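Please have a look at the sequence and the structure before I go on.

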Amino acid sequence: MVRYSPLGNLPMLKHSPRMTMIAIFSALAILSVVTLVALRPSHLANPLHFFSSGLAPPPLNSQICPATGPNNHYEQLYGHEFLQRSIAHEGSNRRLREKIAMAQRGEDIRMAVLGGSVSAGHTLDDWTRVYYHRFLDWWKEQFPKGHHSMFSGAIGATDSGYFAYCFDKHIPKDVDIIFLEFSLNDASTLPCEMNDKKGSIVQAKMMESLVRNLLRLPRKPAVIMTSVFSFNVNEYLDGQESHLPISNYYDLPHISMKNALYDHVNRYPDDLRFKLYNDGHHLSNWGHQLLSDLVSHYVERQMCAMSDRVQPVILDNYSYKESIPKFDMFTHRWEQDKFRELEPYCETFADQSYKPKSMDGWKFWDWMKEKFYIVADVPGSQVTFEVRASQGVVYLYLFRSADYNLGNIWCWVGDDKEKGRELQGYWDKWYSVGVMTPVAEGLSQGQHLLHCELMNKTSNPEGGTNFRILAVASG
């Protein structure tokens, strides 16, 4: 049972009294920010002029071209430089323009989103205010003849590593446009808090696997990357630095709120802190509207460019004609004869019909019907998974946290328990997330059995032995 739903059939987000208080506080804060902007002394640098803009949305089916210049609605609202700064990578937009042409002909366009808690709409009390729902409304206004839909596969505290293997458990494969939002949950390739100041290309490899497999889907979807940023994170570096090389290599548009606003937030935090966020981390209603507008304006640019005269390709066999690069970006030229496409295999407990081959001492458990696990807390508890390898690697998607009394497990493939690997649920970081963790490499192609046993030994200073698994994956 796949767990995705088109927008319009999704239930309204539940909100607690705490969320209600956040909403009230945010409204008061926004009022305060508007007042502060109005009273800012003239000798200070001017704030971004769109904070107090009262321009209404463009009328239905309005003339949008040219997409730059003083007559464009979004340039009036945000300014040319701000919009330009938000485009981290533009590229050729070949696939996106193909989808626009389909919509112009009246064809139906199916869209999807994969991401974390921002895309899951955390802290919003109205699902229709999430950025891609707003974008869908805008798209329908531009292309009223087709029946257009959006599927949400976003899960809070989930990185691209999980979706690299499990994306098709959350969105359908026959989609035309896919939005990716993982800048907050993926770590930078450069040393940062999320990778213990060591730097790593693991996250970039995971994102590339996700992108490459999405681009290989039957309808050849256009993939659009988005980047947001958190006021609560103490540094600039995040997943965007892992994603930008992939945007370049695969010719993907990349829309970055961080590029446009990060420096301004550092200089004038009171201008935006309570306007852009509900809690310093998740976007407010206004923040989602801004991100939607950035994407909508970008699509406008492509619509207008399609009417311009295009020069012919100089080389008849130029690789621009190819759908995706022949090899992934991490394969050396002298190893290209060994390259094999990743054929992801995933069994996730978000699919509530899935059961491991055997379980002893483990049980199914969920958090608010959003995250689904198998859980054990008695040492000696065992679980066995059937996995299928194409590139010879096996992963477990584990929940890691400094809380919840998490401990350790021992995992091995086949009958050789001594050559297994110890995996830890506990860590001392301030955040709690799922982490795609390698269990075995170098396996032969085909079926294998993965066994895991909860250990008496624990890395938890308080002696915790609880362990939570969200998915098993291989490729």
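Let me begin with Cys411 and Cys452, which form a disulfide with their sulfur atoms 2.1 Å apart, where a disulfide is taken as a pair of cysteine sulfur atoms within 2.5 Å. Please keep in mind that this is a predicted model, in which local features need pLDDT of at least 70 and side-chain atom pairs count only at pLDDT 80 or more, while totals for chains, interfaces and linings use all residues. Residues are numbered from 1 along each chain as its sequence is written, and side-chain values use heavy atoms, with hydrogens and water left out.

The link of Cys411 and Cys452 is right-handed, with 115 degrees about the S-S bond. Since Cys411 lies in strand E14 (residues 408–413) and Cys452 in strand E17 (residues 446–454), the pair ties together parts that are 41 residues apart in sequence; helices (H or I, at least four residues) and strands (E, at least two) are DSSP runs, numbered from the N terminus. Both Cys411 and Cys452 are buried, and here buried means under 20% relative accessible area, exposed means over 50%, and partly exposed is in between, with a 1.4 Å probe and protein chains only.

How many disulfides does a search of the whole structure find? The search finds 3, and, with bonded cysteines counted along the chain, they follow the pattern 1-3, 2-4, 5-6.

Another of these disulfides joins Cys65 to Cys304, at 2.1 Å from S to S, and this link is left-handed, with -100 degrees about the S-S bond. The pair connects distant parts of the chain, 239 residues apart, with Cys65 in the loop between helix H1 (17–39) and helix H2 (73–78), and Cys304 in helix H11 (residues 285–305). Is Cys65 buried or partly exposed? At 30% relative accessibility Cys65 counts as partly exposed, whereas Cys304 is buried, with a relative accessible area of 8%.

A disulfide also joins Cys166 to Cys346, with 2.0 Å from S to S, and this link is right-handed, with 95 degrees about the S-S bond. Cys166 lies in helix H6 (residues 160–166) and Cys346 in strand E8 (residues 345–348), so the pair ties together parts that are 180 residues apart in sequence. Cys166 is buried at a relative accessible area of 0%, and Cys346 is buried at 6%.

Let me return to strands E14 and E17, which belong to an open sheet of 5 strands with the order E9-E12-E17-E14-E15 and antiparallel pairing; two strands pair if DSSP finds at least two bridges between them. Strand E9 (358–360) and strand E15 (421–424) stand at the edges, each with a single partner strand, so one side of each is left without a neighbour in the sheet. Within this sheet, strand E12 (residues 382–389) and E17 pair in the antiparallel sense over 8 bridges, and Phe385 stands opposite Leu450 in E17.

I will end at the surface. At 63% relative accessibility, Met368 counts as exposed, and Met368 is found in the loop between strand E10 (363–367) and strand E11 (371–376).
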